[in-house]
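Here is a friendly note for a first look at this structure. Please keep the model open as you read.

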Amino acid sequence: MAGATIGYGGARRAVRVFDHDPDLLRGLEQHEAAEALAHGVAAVARLEKGEWHPPARGGGEVAGHPGLLVIEGQLARDTTVALAPTSELLGAGDLLRPWQDESEVASLPWRSDWEVLQPATLAILDARFARAVSPWPSIFAALMERMTERQRWLALQLAIGHLRRVDARLLVLLWHLGDRWGTVHADGVHLPIRLTHAHLARLVGAQRPSVTLALTQLTEAGRLRRGTGGTWVLLRPAPDLASLLRKPGGSHRDDGAAGD
């Protein structure tokens, strides 16, 4: 991986959070939103591509934090149990609390590792920020909603990982990611995320060679193609999942851990 980033990393600057994420103000009246916009100022941290080592639990710099809000960029959180990794993608709008990690007290060992896939900007929603926006409880309700949405996306990803065929897992996953971060163009849905075959393998719970084979099959079937710079283009229409699962001669089931 590229050079590591320790803690928040980089020089900090202040931004008005709700300029970047106005949806957090949707529960406020217009005059309340204007006031909250002015008070909702937070420091931001810039993370470059590569490994990221977030601040640890109990450190003074995370005391009282609601969390870190992703303003832009893409991150991956890998969870590894007995050398078998699985991955979660996070991007703009996601709320993180990376110091909240129970692996050290687990009965069986596991670990979490973070990687910045695309340079990211995080708003540091610290205790000062929480006090500044405390007159508007709906902002905290919106942040809790973000956490719930993240749990539901993870539940969907878990369900995708239980599909029998690797090509089905990949296609459903990519359309799922397209719903979150894709943009619609005349030739299909462009997914502006640079994911290697190893990344995709960790996301769908498969071996990397099986993912490579499945991607070749999907490309030849006209369901997707590579975009510029390693991104993906999902070719419309969206697939009928039932027919995809009935298709003979597709990728075999692969219950193994993802390879590198």
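**Aromatic pairs and a helix crossing**

1. A search of the whole structure turns up 2 aromatic pairs. Rings of Phe, Tyr and Trp (its six-membered ring) pair if their centres lie within 6.5 Å; planes under 30 degrees apart are stacked, over 60 edge-to-face and the rest tilted. This is a predicted model, where local features need pLDDT of at least 70 and side-chain atom pairs pLDDT 80 or more, while totals for chains, interfaces and linings use all residues. Residues are numbered from 1 along each chain as its sequence is written, and side-chain values use heavy atoms, leaving out hydrogens and water.

2. Phe18 and Phe129 form a tilted pair, 6.1 Å centre to centre with 45° between the planes. Phe18 sits in helix 1 and Phe129 in helix 3, 111 residues apart. Helices are DSSP runs (H or I, at least four residues) and strands likewise (E, at least two), numbered from the N terminus. Phe18 counts as buried at 2% relative accessibility; buried means under 20% relative accessible area, exposed over 50%, partly exposed in between (1.4 Å probe, protein chains only). Phe129 is buried too, at 2%.

3. The ring centres of Trp52 and Trp114 are 5.4 Å apart and their planes at 75°, so this pair is edge-to-face. Trp52 lies in strand 4 and Trp114 in strand 8, so the pair ties together parts 62 residues apart in sequence. Both Trp52 and Trp114 are buried.

4. Buried residues make up 45% of its 260 residues.
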